[in-house]
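Dear colleague,

Please find the structure below for your records. My notes on it follow directly after.

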Amino acid sequence: MVRSYVTPGSTQTTQYDYDDYRRSGPWPVPLPDVYLSRNENSAQTYGFDPKDADSRYKRLGVDASRVTMGPMPVTDFLEEFLPARKALIKLMPRCKGAFNGIKANNANESDIYPILLKGLNSSKKSRCPGYSFRDTSNHPDQLEGKLGSIKPDIICYADRYLPEVKAHNGKGTNEWESVTRIAFAETFIEVKTNQSDDHYRDPPANANRNDFHFVCGEHARSLSKTADNLMQYLGQNVAYATDMCARQHRRFCFSVSVSGSSARLVRWDRCGAIVSEAFDYVAKPELLCEFFWRFAHLSDEQRGYDMTVQPATTMEEALFKEAIIEHIHGQIDCSKLGVFREVLDVHYMPGYVTVVSIPSTGNTPSPITHLLVSRPIVTPLFFAGRCTRTYWAVNPDPDAQQKVVLLKDTWRLNGRGSEEEGGVLRALEASGVPNIPRVLCAGDVMEGYSEGKLRTDETITRNYLKTCAWPCRRPLLRVRLVNRVHYRLVLDIAGFPLLSLFGTHELLHSTYDAFRALAAGFNLGRRLHRDVHPGNIILYNHTNNTAGPRTGYLVDWDNSCAINGRQHSKDIYRPSCQWQFVAKDLLQGEDVKPPHDIVHDMESILYVVLYCGLTRLPLTQPSNPVTFQSIMHNMFDIACEYEETHCGGFGKVSNGKNRQYTKLIVWEAPEIGQWINTVYDMYLPLSNAPPQQYGQWTVGHLDAFWTTFLHNNGGILRRSDRTDNVMKHKSLATYAPASVTERPRQATIGAPSTLRTQSTRTQKPGAQVSLPTLSAATRPPSSSLSSLSDITERSESPEPVGHRSPVGPAVGGDSLTPGPSMETLDLRRSTRTRKRTWKYIS
């Protein structure tokens with residue numbers, strides 16, 4: 001393949017054969033030094049719950065239990081996922097007694113490591129040719145200190161990377177000890193001391209697998225400490241698999257879970273995890289040895305790597321950096337060197353630029369064939385689900401009109417009623433919806449050829465649920481495991497998330513822009529967005545005038561759905577939403593949830609403004625960090641468990657009744673408080689409110705108020721009063737969510753390229769503002785604040801409860817449980833009546 005490159009600052013074009021370059025050596029190996037492991041539970045992204053490793057492991061374990069299938073017979077696991085010819089299996093070294101000395105119950109995990117390592121790193125003939133196993137249990141991947149660091153017990157590294165992972169800090173005591181670098185890991189082994197530590201349990205021969213809990217602790221995790229510990233052990237494995245898939249361009253990965261003398265094999269993909277039956281690897285070492293023998297002889301694609309990405313050349317990296325620098329200068333004022341360097345570091349890591357192949361749609365050639373990327377803005381935070389990565393990407397085509405674009409790499413739903421986000425956005429644009437990104441190209445990623453035809457890259461976990469008898473289905477009855485397809489979407493808006501706002505002026509203007517998109521999407525596009533949160537509002541400057549306000553664009557319409565004749569959601573899937581910003585009524589139990597309506601998305605906009613104001617605008621009250629954390633937790637985070645589902649919104653309910661929390665907040669700039677208090681009164685008038693305040697919670701009334709407010713206060717809204725109300729209090733450091741402590745993320749690595757020959761680069765409390773009427777006289781003439789008067793308003797009164805609300809999980813799957821398990825309450829019915837008994841669990 002011949003590619004062209006234009007030297008930055010000149011018109012000279014260089015051509016080279018990329019295939020020759022691609023095969024010339026291994027990938028550049030990044031040293032990712034700024035990454036904190038998170039799960040996709042919105043408690044980590046926006047919540048103020050503890051961020052320590054143990055808390056994270058428990059949440060991950062609970063989330064993963066809903067998408068884990070097993071037990072698959074070991075021989076079936078090997079044949080299905082690690083195919084090999086019989087002649088190759090016969091060449092496998094003898095393994096009798098390879099792990100003798102390991103007991104069913106051991107005193108310490110460290111007693112197991114040396115025996116496992118000696119058996120796997122055979123000195124006579126390698127059990128995993130080209131790979132070596134290292135003890136990483138004492139050397140965590142401390143890329144941002146101890147918080148969130150990870151250290152699988154044993155990691156399998158390719159031999160060529162061993163110099164990069166050698167322990168240099170004096171702690172190494174033997175040749176098999178090394179540091180953890182999850183970005184280099186091929187697979188990992190997590191070890192527990194005893195067989196009773198196994199976080200799965202195989203059903204007895206006579207058990208009904210349709211009503212059997214395979215994940216041990218899932219059925220009673222809140223009732224015993226042992227079950228709670230088992231969920232934490234599961235969460236450790238999930239965290240390591242999640243990080244492998246986040247720090248590498250992967251479609252899936254493998255791991256081994258060891259409990260004493262018992263072991264299980266695990267395959268993780270974007271749909272869920274498949275776990276093998278337990279087997280005694282001491283009595284039957286051939287099963288574990290055969291797994292690694294087969295693993296070593298798989299292709300990169302069979303080991304789970306994404307074959308549609310490749311390392312960039314040095315010329316391509318220079319082009320990428322030049323384009324990103326120019327784009328930054330066009331978006332923000334870079335007069336301060338520190339600001340420029342901070343933004344550049346978010347999107348570019350020197351030496352680690354990747355070329356991503358962009359798919360075509362059907363038979364239509366894509367106008368963009370390849371894009372250059374480095375650091376993602378958003379990374380996969382859970383191993384299953386949409387697992388979205390977004391990048392500022394550079395089009396290397398010398399004739400491209402727009403150099404820097406937004407690339408969204410995700411795993412979309414692939415089932416009945418599912419829609420492609422690119423098609424949704426094009427339909428909204430055709431309907432005249434403002435302030436949404438324009439689609440440049442989009443399509444499903446192709447994995448390779450099957451029977452002479454291109455094969456889409458999709459998950460396979462659900463296939464075994466439908467066709468095999470071995471899965472235990474009990475924990476899967478209340479969720480829908482869904483197949484997913486790898487999907488890439490290129491948009492014209494490469495901007496900044498809302499939480500990077502400059503001040504009060506930009507917060508209220510940009511969220512109004514997003515509100516206009518939300519309302520027009522409902523009235524003109526006949527769709528509900530259903531996932532409004534700060535990360536889905538992008539600030540973008542079209543004019544290159546860095547002194548002017550940036551426009552707010554409402555993105556991520558992949559959770560949206562069409563509305564039915566009653567103006568409600570008619571989607572059969574429950575979306576994955578950010579728990580903190582979901583409307584209070586949609587956080588109630590399944591038996592009382594209303595159907596999703598436009599008023600719920602409007603409520604989410606209110607919470608977005610409140611959250612951003614609390615975290616980013618200077619406050620007079622509360623001055624006590626404990627009070628601040630309490631407000632954030634009770635308003636946005638708190639959840640409970642009720643009959644195996646999550647409920648919440650209690651702080652939102654309390655605040656709606658008597659302003660329990662917002663009455664404690666005073667901003668230095670009184671205008672933001674006036675806006676929040678007035679909109680709250682439109683949404684939920686207080687009990688002593690005059691009659692005319694009722695019935696104001698409609699698109700038209702909110703639009704009329706908002707446009708008038710900006711018209712009357714536009715000259716006094718502060719433009720540069722941004723602050724950090726979280727990190728200025730050291731006591732909040734362990735609670736601070738990722739969204740308000742953003743640091744540059746590491747570049748994602750692709751697969752090793754040495755074996756790649758088959759792929760191509762294919763105010764004051766209570767302050768009020770009078771509510772305007774809907775007359776045209778109340779609307780400002782400014783075109784920049786054009787109202788929604790040209791949009792036909794629909795009925796916005798929610799219907800009585802009729803079907804399940806489509807609010808869904810805080811983890812990434814569209815079919816998981818709604819909400820995070822932060823501070824958990826256990827709700828049990830004490831009788832057969834509808835009365836609920838509430839119990840807090842520490």
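Does Cys472 count as buried or exposed? Cys472 counts as buried because its relative accessibility is 0%; buried means under 20% relative accessible area and exposed over 50%, with partly exposed in between, using a 1.4 Å probe and protein chains only. Cys334 is also buried, at a relative accessible area of 14%.

This is a predicted model, in which local features need pLDDT of at least 70 and side-chain atom pairs count only at pLDDT 80 or more, while totals for chains, interfaces and linings use all residues. Residues are numbered from 1 along each chain as its sequence is written, and side-chain values use heavy atoms, leaving out hydrogens and water.

Of the 842 residues in the protein chain, 62% are buried. The search of the whole structure for disulfides (pairs of cysteine sulfur atoms within 2.5 Å) finds zero.

The largest nonpolar core contains 90 residues. Such a core is a set of buried Ala, Val, Leu, Ile, Met, Phe, Trp, Tyr and Cys residues joined through side-chain atoms within 4.5 Å. Helix 15, residues 598–616, gives the most to this core, with twelve residues; helices are DSSP runs of H or I of at least four residues, numbered from the N terminus. Among the residues with the most contacts inside the core are Leu614, Trp667 and Trp706. Leaving aside residues up to four places away in sequence, Leu614 touches Phe628, Met632 and Trp667, among others, where contact means heavy atoms within 4.5 Å.

With kind regards

Technical notes
Helix = DSSP H or I, 4+ residues; strand = E, 2+ residues; numbered from the N terminus.
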